[in-house]
Amino acid sequence: MVENYGIHWFRRDLRVAGNNALQQNWKENNGRVVGVFCFDRAFLARPDFSVNRFQLFINTLIGLQEELREIGSDLLFLDVGPEKAFKDLLSKLKEKGSLPRLFTCNRDYEPFSRVRDKSISELMKAYEVKVQTYRDHLLIEPHEVFRSKVTEGYKVFTPFSRKWLEAFRKDDVQNRIKIQAKGFEYLNLPKKSVKNLFKMTWLDLGIKSVDNLEKYSKENKKNVDIEIPECGLRAALKKLDEFKDKLDEYKNKRDIPSVLGTSKMSMFLKNGSITTSQIIYYLGLNFYEKKDDSGKATYFKEIIWREFYYHVLYRWPQVEHTAFQPKYSDLKWGNNKKWFEKWKKGKTGFPIVDAGMRELKQTGWMHNRVRMIVASFLTKDLLIDWKWGEQYFMDTLLDGDLAPNNGGWQWAASTGCDAQPYFRIFNPWSQSKRFDPDGEYIKKYVPELSTLEAKKLHVPILDHPDYPPPIVEHSVQRQLALKMYKFE
Ligand SMILES: Cc1cc2nc3c(=O)[nH]c(=O)nc-3n(C[C@H](O)[C@H](O)[C@H](O)COP(=O)(O)OP(=O)(O)OC[C@H]3O[C@@H](n4cnc5c(N)ncnc54)[C@H](O)[C@@H]3O)c2cc1C
């Protein structure tokens, strides 16, 4: 019989340092806390499952398990869905008279997760296990930002960001940042001194932690077709260190895809290797005035955009399946499958679009400016439903994340809240001339064009032996798109 210990359920908070819920559990149970992660096999069949992203996730979990073992705890990896996993686990622990006294997790805001968490919480209560949930991966939670009534969410970014920044200045929120940043101190402690930070393992509870993580990794790796980058908080901080020197230039460089002018934090944020609060602290981001267009303020705004899209998904969960603006839920898309395949393969005959799609396929990431260009091109030039593009991005992006992905797609397709108006249609030729004038980015990912003069990359290429002519004519498609949005 083992008493007075806690279980922490890891989901998208895959780190120890500055992990709010884990820390509270640790405090309340004097270090007697064990971790668990439940992987649902049904997830493998989900349409938004990505082999490459899953590998990044598994690698992060393996690192987390090692770290927890080094500091005196452990991570149990269960490969059945949480409902069954926790039912079985609790009944085993009950038999042994060893139920935990506290179960913690950090809050997740996706519609699917909210339903799941409610049911797990009820299950815990049925076993009389105390449940506590915490804020972690967002700095300010969606329910904390509202207009005049708690039930009223913001549909427009600027007033949302004003309200968000108002909250940001409050002591309570500043404390959140300080508390999470305190986790960095732990990272600098010598290994010896943290060896016994935690004081309990699954073995103490008579539960054998089978190393099936390695098994999953081996199986999954067979299908991985890109290089999986380094993962975990330490890797995130290494990247952030490199980016720190470029922060002042962020405003000017963030739109140039041939330059590494952005932080590449998104894949770390996605699985909680790092949090918004930790980035804010590390980069010294602070309240900015309306007209501030410094690199710092511009970067901070992007972080707030991320929080905004979570806010939208939380308030209007239907956006996961349909247009935010109901009038655009039944647009008459052309949905030409051949064109969709060419878009995916980077063979549309529009060099900037093809470079972006090939970057995505080869690396699992795509520059934000190019994401906007390829999304606009798919919806307003090829007249293909934004949901097809959203799905393909989820299949391929290492940072694929429902809230910002859905927000980005609905923004580009003009179906979302605070989206660009439908008549604002990117011209792919002028976009490429403006943001990749020397064709450096295009030539990197479309090597068959590497010997072409830069100016020839921003106009239709009609007679190249290895590169296709444009599959559509932009000016014609633009008119068709306008008609579609006007329901003509
Ligand atoms: C069609 C489309 C799909 C997208 N899909 C995703 C996705 O699946 N996952 C994802 O994390 N981001 C997505 N974005 C937003 C953005 O492209 C990425 O967050 C960004 O490119 C990540 O690179 P970075 O970390 O270097 O960004 P940085 O420029 O360094 O920005 C720092 C952080 O701010 C946030 N951020 C930056 N730009 C945006 C934005 N436009 N919207 C919301 N948050 C932003 C991200 O968390 C990012 O890591 C999408 C954008 C578009 C237009």
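Is asparagine 30 buried, exposed or partly exposed in this predicted model? Asparagine 30 is partly exposed, because 13 other C-beta atoms lie within 10 Å.

**View 1. Asparagine 30 in the loop between α1 and β2.** The loop that holds asparagine 30 runs between α1 (20-28) and β2 (33-38). Although asparagine 30 is not a glycine, its phi is positive, at about 50°.

**View 2. Packing of helix α15 against helix α16.** Helix α15 comprises residues 351-363 and helix α16 residues 368-381; they pack at an angle of about 115°, and their axes are 9 Å apart. The two helices, α15 and α16, are therefore roughly perpendicular to each other. The crossing in which α15 passes α16 is left-handed. On the α15 side, Ile352, Val353, Gly356 and Met357 meet Val370, Ile373, Val374 and Phe377 of α16. Of the residues in this contact of α15 with α16, seven are nonpolar, one is polar and none is charged.

View 3. Glutamine 391 counts as partly exposed because it has 16 C-beta neighbours inside 10 Å. Leaving aside residues up to four places away in sequence, glutamine 391 touches Pro47 and Asp48. A separation of 9.2 Å lies between the C-alpha atoms of glutamine 391 and asparagine 405, which are 14 residues apart along the chain.

**View 4. Aspartate 418 in the loop between α18 and α19.** Aspartate 418 is placed in the loop between α18 (402-412) and α19 (428-435). Its phi is positive, about 50°, although aspartate 418 is not a glycine. With 18 C-beta neighbours inside 10 Å, aspartate 418 is classed as partly exposed.

Definitions and conventions. Residues are numbered from 1 along each chain as its sequence is written. This is a predicted model: local features need pLDDT of at least 70, side-chain atom pairs count only at pLDDT 80 or more; totals for chains, interfaces and linings use all residues. Axes are lines fitted to C-alpha atoms, for helices over the stretch in contact, and angles run from 0 to 180 degrees between N-to-C directions. Helices (H or I, at least four residues) and strands (E, at least two) are DSSP runs, numbered from the N terminus. Angles under 35 degrees count as roughly parallel, over 145 as roughly antiparallel, 65 to 115 as roughly perpendicular and the rest as oblique. A crossing is left-handed if the near helix is turned anticlockwise from the far one by less than a right angle, and right-handed if clockwise. Two residues are in contact if their C-beta atoms, placed from the backbone, lie within 7 Å. Ala, Val, Leu, Ile, Met, Phe, Trp, Tyr, Cys and Pro count as nonpolar, Asp, Glu, Lys and Arg as charged, and the others, Gly among them, as polar. A residue is buried if 20 or more other C-beta atoms lie within 10 Å of its own, exposed if 12 or fewer, and partly exposed in between; C-beta atoms are placed from the backbone.
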